[in-house]
Amino acid sequence: MTSELIRVRGLVQGVGFRPTVWRLARECELRGDVRNDGEGVLARVIGNRASIDRFCRRLREECPPLARIDSLERAELSEPLDAECFRILASDQGDVHTGIVADAATCDACVAEIFEPKNRRYRYPFTNCTHCGPRLSIVRAIPYDRANTSMSAFPMCAECRSEYENPADRRFHAQPNACPRCGPEVWLEDAAGCRVPFDDPDAIAAASRLLSLGHILAIKGIGGFHLACDTHNEQAVSRLRARKRRFRKPFALMARDLEVIRRYCSVDETEAKLLSSPAAPVVLLETKGPRQLTADVAPGQHTLGFMLPYSPLHHLLLTDWDRPLVMTSGNLSEEPQCIDNEDAARRLGALADYYLLHDRTIVNRVDDSVVHVMDHRSRFLRRARGYAPTPIPLPPGFERAPPVLALGGELKNTISLLEDGQAILSQHLGNLEDARAAKEYDHAISLYRALFQHDPHLLATDLHPDYRSTHLGREIAAREGLELVPIQHHFAHIAGVLADNGRALDAGPVIGIALDGLGYGEDGTIWGGELLLADYRGYQRLAHLKPAPMPGGTKAILEPWRNTYAQLVTHIGWDTLRTGFPSLDITRFLKNQPLHVLDTMIERGLNTPSTSSCGRLFDAVAAALDVSREAVSYEGQAAIELETLAVSSGARDESSYPFAVETGPKALLINPKPMWLALLADLARNLAKSRIAARFHAGLAVIVSDLAIRLAEKHDADAIALSGGVFQNKTLFEAVSKRLATSGLKILSHRQVPTNDGGLALGQAVVAAAKRIP
């Protein structure tokens, strides 16, 4: 007989891992025990060696669906284990080195129960088991036990307790386990806060009926509130837009099943798996179905963002719906999503007609994740519910990395905790320009540090001196005596994609293509169209878009025509435009603007930073084509609608506009002058704007790809890395990827974190850590 200690690390708590250990140990005729502790799961077993070997092999093969084994270590016990059977023990407290599993969509077994009239959980909206249900949204501390969640307020009844304590039951130690007798309740209120009487079977059925009558409902879900209405009711959709002040940004949608979604969108196998996965994200799908929704659901888009029901409440709400519901975040535009009933009453009072509420506290706000399948792989636009805070294993070479807290950027913020060979990336925290989001951000930092007992040695921030995250980093560093490491924005983007792909610390530099809206450069200007030679330890700026002014600063982001004027004046000159293309719509439009004011601002540098931003180039081209010309109402609107215009051309072998490459004082310059002259000529000959948009996308893809290949050959780099928010553009991303694929070089793009600033904190963390690794 052999006695062994078996240590399992990974995502192994709150996912039915100990019951699996218990079952397999019994089937392999082993005795001993298993417990949760701060490092994961610890098992002690006694039996013959062949049985223990078989047990360990089966543990890897039959790992529970929500679990992930990162390591399994075996050691022989010095003294024989004295055990008559195999038992599951209570959790140990201690230093935390394990992960929290993300919230998971309702499993098939639980869905079947809520629709079975004879089941005691029939139509119960909080049904769950170890394979599904809330996790991050309800947890306060590790270990993930009921006492450390918001379910501690609901003592289990005898039947639920029996399930909870039975290792053979799928609800064994399911911490949110509950039933109608002992668990949370759901009810319906009107806008005045009064409970609504109804003749329907329950509050959820009444809510469904109210939605069918054209009302807007605030619905409390797993990680926050949604605002819902009927997509086929144009008046309801328009009212929701007006009330929410979300004038053009597309709404997320929820449909009962894939059959309903396919009426409006094409869904391939990869997209179907994503929609039906335990993460249940919002998936962007092309609008190629036989039916159409009112244009006000997603103005100026060629995609719709769909998700399937991911909680029992959603399944019950949509069971009779053969069309989608709008299911957008419960907030005013750009504010954080509401998570508690009182806050919802205050903030959503003017938005919702009725409220579907419950009394299970949402401890942590968790927005819906958003993904887009590009180049045949899932790519994150937002990483939150269903994915965060799943740890990301660090590449080889980071085993000795010091603990790092990375604070992210200003927009689409996330934070990252680096320790024990992994990075923990928070859920999407929002845009820190909003005061409420900034408050949530402060809370999230405190929460994650407490949740993971994280004591950083280094703090990493963006280089921008005025970001909220940078200010807070300075405060924390001064208060705790920590070293602060400011990191250039685009360097962090490229480092993030290296870590995302598991590229080793000593693998050598790559050519990084970082295209985004803006990032503070080391020269004090705004960067955003960059080609860098970079590894984790440093970078060199090899090439970038030729800078142009941003007259009005932030105002130029909100009014795209300003970028058009700045680009044209800088690269071809106003006289060329005025005399060469006098009859163009854009020329006539610009003549009616206060150009003398802009000229003065540009000449004197008054609130007019210089920028190499690729995002601003997209804005400029969009406005030239009268796409979101005068104003935008959300970030990236002009670029998104320009891509929609390009896609509508249907062109697959479209000509591409030329760009020039010049030698600048410190780096090569990508000059868009030839592109502008060709674009204006096409406008003058009345070429379809959709084809012009397609040619711009194609031309940009050609220049950045070819220049990157050239630079890789010159600097002996074996890989090209793509990052930055502009690569959320599927048309551009796939064109660049396709062209680079012919080079024979490795192509690195994001897989586990967003390419936008939602992935920035990961890059900051690994750069800061690399500075301390010999």
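Methionine 374 stands opposite arginine 377 of strand β15 in this predicted model, where strand β14 (residues 370-374) and strand β15 (residues 377-382) pair in the antiparallel sense over 5 bridges. Pairing here requires that DSSP finds at least two bridges between two strands, and the elements themselves are DSSP runs numbered from the N terminus, helices being H or I with at least four residues and strands E with at least two. The two strands form a hairpin with 2 residues between them, and aspartate 375 in the turn has a positive phi of about 55°. Residues are numbered from 1 along each chain as its sequence is written, and side-chain values use heavy atoms, with hydrogens and water left out. Local features need pLDDT of at least 70 and side-chain atom pairs count only at pLDDT 80 or more, whereas totals for chains, interfaces and linings use all residues.

Strand β8 (residues 225-230) pairs with two other strands in the antiparallel sense, with strand β7 (residues 217-220) over 4 bridges and with strand β12 (residues 325-329) over 5 bridges. A hairpin through 4 residues joins β7 to β8, and lysine 220 stands opposite phenylalanine 225 of β8; towards β12, aspartate 230 stands opposite leucine 325. Of the 6 residues of β8, 6 are buried, that is, under 20% relative accessible area with a 1.4 Å probe and protein chains only (exposed being over 50% and partly exposed in between). Phe225, Leu227 and Cys229 point one way from β8, while His226, Ala228 and Asp230 point the other way.

In helix α23 (residues 730-740), the buried residues are Lys730, Leu732, Phe733, Val736, Ser737 and Leu740. These residues lie on the same side of α23 because they cover an arc of only 165° around the axis, the arc being that of the directions from the helix axis to the C-beta atoms. The N-terminal end of α23 is capped by asparagine 729, of which a side-chain oxygen lies 3.1 Å from the backbone nitrogen of threonine 731.

The structure also holds 8 cavities of 30 Å³ or more, a cavity being a set of points, on a 1 Å grid over the protein atoms alone, where a 1.4 Å probe fits but cannot get out. The largest cavity has about 120 Å³ of space, a volume being the space filled by probe spheres set on the points. It is lined by 18 residues, of which Pro125, Ile222, Ser311, Pro312 and Arg360 are the closest to its centre; lining residues have an atom within 4 Å of a point.

Key: 1 Å grid on protein atoms, 1.4 Å probe; cavity = no way out; pocket = protein on both sides within 12 Å on 5 of 7 lines; lining within 4 Å. Polar contact = N/O pair within 3.5 Å; in protein donor to acceptor, adjacent residues only side chain to side chain.
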